[in-house]
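I opened my notebook to look up a few things in one structure. Here is what I looked at.

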Amino acid sequence: MRAFVAVAEHGGFAAAAPALGLSPSAVGKAVQRLEARLGVRLLARTTRSVTLTQDGRLYHARCVAALAGLAQAEAELRQGRGEPSGLLRVALPPLLGRAFVMPVLLELLARWPALRLEASFEARPVDLTGEGVDLAVRIGAMDDRASLVARSLGAQRRVVCATPAYLDARGRPDTVDDLAAHDRLVEARDGRPTPWPYVDADGAARSLAVDGRVRLGDAQMLAQAALAGAGIAMVPRWLVAADLAAGRLATVLDGVFDSPLPVNLVWPRTPYPSARLRAAVDALVERYGTERPWEG
């Protein structure tokens, strides 16, 4: 197409050749291949001139517009490699996303004025490709790893805890079976209690089905309920680190309910990630590549 347009605009193969960086013969063969593929004659050739046929005039106008569009797209991509721009859609876990990921992304917005951000905060694993999400942070096992690129950000550790006053009144559980006599504060998703994973005496991974009078869909509210003395809760350690250090909460069954959840930065697998995606990934890896507050 470029050869054909150049010949039309320069009035001949020899005149078009320098502009294309090709020999006149190569230009002629390129146009011949195009005509053969289309099944029409685009140029009327004589020993003295080359002119457009009627089909050639129609096709030339389309080619000029198409090549201009390609040139604009290439310019935008080149610019995009240098400056992140456009809409970045991210899906984040509610607590970790608000506490740790959003500050980094807001710094990125301040640095790149052409960048826009749309963030959702959900505990469920989002279908990145199906929902048009550029980047997500996942906590837990990944079932769709084949379609995604994943960058590990360590693991989130959890604790089972209650107030010292509650434990003084109800007794400190020494075994997993002892928890049956306690008020367990349960995280629920879609109305279903989330089991508590643990490691038994033989080192095997187990899962404890839990239920109780209090079902909450938010880990921060679970921590608040535990602080209020309502029972025993399993929550991320980082969320209650200050309360544990101050003695407002105490852990129970240490080393038993200590099954870390993997934390991954994930995005759809593509050979050409956008500049905005690369910038977000680089910023998060730079901030949390080694020091991860959720592992404390």
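My entries follow, one topic at a time.

**Entry 1: the start of the chain**

I noted first that this is a predicted model. I began with helix H1, which covers residues 2-10. Its buried residues are Ala3, Phe4, Val5, Ala6 and Val7. After H1 comes Gly11. The phi of Gly11 is positive, near 80 degrees.

**Entry 2: His60**

Next I looked up His60. I found His60 in helix H4, residues 54-82. Is His60 buried or exposed? His60 is buried, because its relative accessible area is 17% and the cut-off for buried is under 20%. I then listed its contacts, leaving out residues up to four places away in sequence. His60 touches Phe4, Val5, Ala8, Glu9 and Leu52. Two of these names were already in my notes: Phe4 and Val5 are among the buried residues of H1.

**Entry 3: salt bridges**

I turned to charged pairs. Side chains of opposite charge can pair when their charged atoms come close. How many salt bridges are there? The count comes to 11.

I looked at Glu35 and Arg45. Their side chains meet in a salt bridge, at 2.9 Å from N to O. Glu35 lies in helix H3 (residues 24-38) and Arg45 lies in strand S1 (residues 43-45), so this pair ties together parts that are 10 residues apart in sequence. I checked how open each one is. Glu35 has 8% relative accessibility and counts as buried. Arg45 is partly exposed, at 29%.

I looked at Arg206 next. Arg206 forms a salt bridge with Asp200, and the closest N and O atoms are 2.9 Å apart. Arg206 counts as partly exposed at 45% relative accessibility. Asp200 is buried, with a relative accessible area of 19%.

Then I took Arg292. Arg292 bridges to Glu295, with 3.9 Å between the closest N and O atoms. This pair still counts, because the cut-off is within 4 Å. Glu295 is partly exposed, at 30% relative accessibility.

I also noted a network. Salt bridges link Glu122, Arg124 and Glu131.

**Entry 4: the largest pocket**

I moved on to empty space. Rolling a probe the size of a water molecule over the atoms shows where empty space is left. The largest pocket has a volume of about 970 Å³. Which residues are closest to its centre? Of the 38 lining residues, they are Ala123, Ile139, Glu187, Arg189 and Leu261. I noted which elements give two or more residues to the lining. Among them are strand S3 (86-92), helix H5 (94-111), strand S5 (135-139), strand S8 (184-189) and helix H7 (219-227). I also sorted the lining by class. It has 25 nonpolar, four polar and nine charged residues.

**Entry 5: Leu253**

I checked a backbone angle. The phi of Leu253 is near 50 degrees, a positive value in a residue other than glycine. Where is Leu253? Leu253 sits in the loop between strand S14 (250-251) and strand S15 (261-268). Leu253 is buried, with a relative accessible area of 12%.

**Entry 6: cysteines**

I ended with disulfides. A disulfide is a covalent bond between the sulfur atoms of two cysteines. How many does the structure hold? The structure holds zero disulfides. I looked up two cysteines as well. Cys63 counts as buried, at 1% relative accessibility. Cys161 is also buried, at 1%.

Conventions: Residues are numbered from 1 along each chain as its sequence is written. This is a predicted model: local features need pLDDT of at least 70, side-chain atom pairs count only at pLDDT 80 or more; totals for chains, interfaces and linings use all residues. Side-chain values use heavy atoms; hydrogens and water are left out. Helices (H or I, at least four residues) and strands (E, at least two) are DSSP runs, numbered from the N terminus. Buried means under 20% relative accessible area, exposed over 50%, partly exposed in between (1.4 Å probe, protein chains only). Contact means heavy atoms within 4.5 Å. On a 1 Å grid over the protein atoms alone, a cavity is a set of points where a 1.4 Å probe fits but cannot get out, and a pocket is an open set with protein on both sides within 12 Å along at least five of seven lines; lining residues have an atom within 4 Å of a point. Grid points are joined across faces, edges and corners, and a volume is the space filled by probe spheres set on the points. Ala, Val, Leu, Ile, Met, Phe, Trp, Tyr, Cys and Pro count as nonpolar, Asp, Glu, Lys and Arg as charged, and the others, Gly among them, as polar. A disulfide is a pair of cysteine sulfur atoms within 2.5 Å.
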